[in-house]
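Please keep the sequence and the structure in view while reading the points below.

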Amino acid sequence: MQYTVMIEKDPKTGTYTGQCIQIPAAISQGDTYEELMENIKDAINMVLQYYREKAAAESRGRRVFYRKLELA
């Protein structure tokens with residue numbers, strides 16, 4: 001899956017910050033563009049893992065099912 005990251009470079013420090021457009025809670029920073037991209041990948045994965053665990057906990061004891069959905 002592809003995600004869009006909004007990136008800003010601080011003109012004073014030269015550091016980068018980024019926020020995932022599709023997952024606004026995924027925010028990170030880095031001293032270089034490359035470091036930011038690695039860090040934002042980690043942030044996206046951590047937020048998605050949190051939501052997976054939260055959904056699993058909330059569905060315990062309930063009769064639920066899952067279906068994959070593909071968006072065009």
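Setting aside residues up to four places away in sequence, Gln 19 touches Thr 4, Val 5, Met 6, Pro 24, Ala 26, Ile 27 and Ile 40. Gln 19 itself is located in strand β2. The model is a predicted one, and the chain contains 1 helix and 3 strands.

**Overall architecture**

- Read from the N terminus on, the elements follow the order β-β-β-α.
- The chain has a radius of gyration of 16 Å, well over the 11 Å that the globule rule gives for 72 residues, so the chain is more spread out than a compact globule.
- Taken along the principal axes, the box filled by the C-alpha atoms of the chain is roughly 55 × 30 × 15 Å.
- Of contacts between residues at least 6 apart in sequence, 13% join residues at least 24 apart.

**Surface and charge**

- Of the 72 residues in the chain, 18% count as buried.
- The accessible surface of the chain is about 6,400 Å², and 53% of this surface belongs to carbon and sulfur atoms.
- The chain carries 10 positive and 10 negative side chains, with the centres of the two sets 14 Å apart.

**The largest nonpolar core**

- In soluble globular proteins, nonpolar side chains tend to be buried together.
- In this chain, the largest nonpolar core consists of 9 residues: Tyr 16, Cys 20, Ile 23, Ala 26, Leu 36, Ile 40, Ala 43, Ile 44 and Val 47.
- The largest share of the core comes from α1, which supplies 5 residues.
- Ala 43, one of the core residues, touches Ala 26, Ile 27 and Ser 28 when residues up to four places away in sequence are not counted.

- With a relative accessible area of 25%, Gln 19 is partly exposed; buried residues have under 20%.
- Among the residues that Gln 19 touches are Ala 26 and Ile 40, both of which belong to the largest nonpolar core.
- Gln 19 and Lys 9 are 10 residues apart in sequence, and their C-alpha atoms are 12 Å apart in space.

**Strand β3: Ile 27 and Ser 28**

- Ile 27 has its place in strand β3, and Ser 28 lies in strand β3 as well, which spans residues 27–30.
- Ile 27 is exposed, at a relative accessible area of 53%, whereas Ser 28 is buried, at 17%.
- Beyond residues up to four places away in sequence, Ile 27 touches Gly 18, Gln 19, Ile 40 and Ala 43.
- Ser 28, leaving aside its neighbours within four places in sequence, is in contact with Tyr 16, Thr 17, Gly 18, Leu 36, Asn 39, Ile 40 and Ala 43.
- Several of these partners of Ser 28, including Tyr 16, Leu 36, Ile 40 and Ala 43, are members of the largest nonpolar core.
- Ile 27 and Arg 63 are 36 residues apart along the chain, and 34 Å separates their C-alpha atoms.

**Helix α1: Glu 58 and Ser 59**

- Glu 58 is found in helix α1, and Ser 59 lies in helix α1 too.
- Glu 58 counts as partly exposed, at 48% relative accessibility, while Ser 59 counts as buried, at 13%.
- Not counting residues up to four places away in sequence, Ser 59 touches Val 64 and Tyr 66.
- Between Glu 58 and Ile 21, which are 37 residues apart in sequence, the C-alpha to C-alpha distance is 26 Å.

Note on methods. Residues are numbered from 1 along each chain as its sequence is written. This is a predicted model: local features need pLDDT of at least 70, side-chain atom pairs count only at pLDDT 80 or more; totals for chains, interfaces and linings use all residues. Side-chain values use heavy atoms; hydrogens and water are left out. A nonpolar core is a set of buried Ala, Val, Leu, Ile, Met, Phe, Trp, Tyr and Cys residues joined through side-chain atoms within 4.5 Å. Buried means under 20% relative accessible area, exposed over 50%, partly exposed in between (1.4 Å probe, protein chains only). Helices (H or I, at least four residues) and strands (E, at least two) are DSSP runs, numbered from the N terminus. Contact means heavy atoms within 4.5 Å. The radius of gyration is taken over C-alpha atoms; the globule rule is 2.2 Å times the number of residues to the power 0.38. Accessible areas come from the Shrake-Rupley method with a 1.4 Å probe; for residues, only the protein chains shown count as cover. Lys and Arg count as positive and Asp and Glu as negative; His and the chain ends are not counted. The place of a charge is taken as NZ of Lys, CZ of Arg, CG of Asp or CD of Glu.
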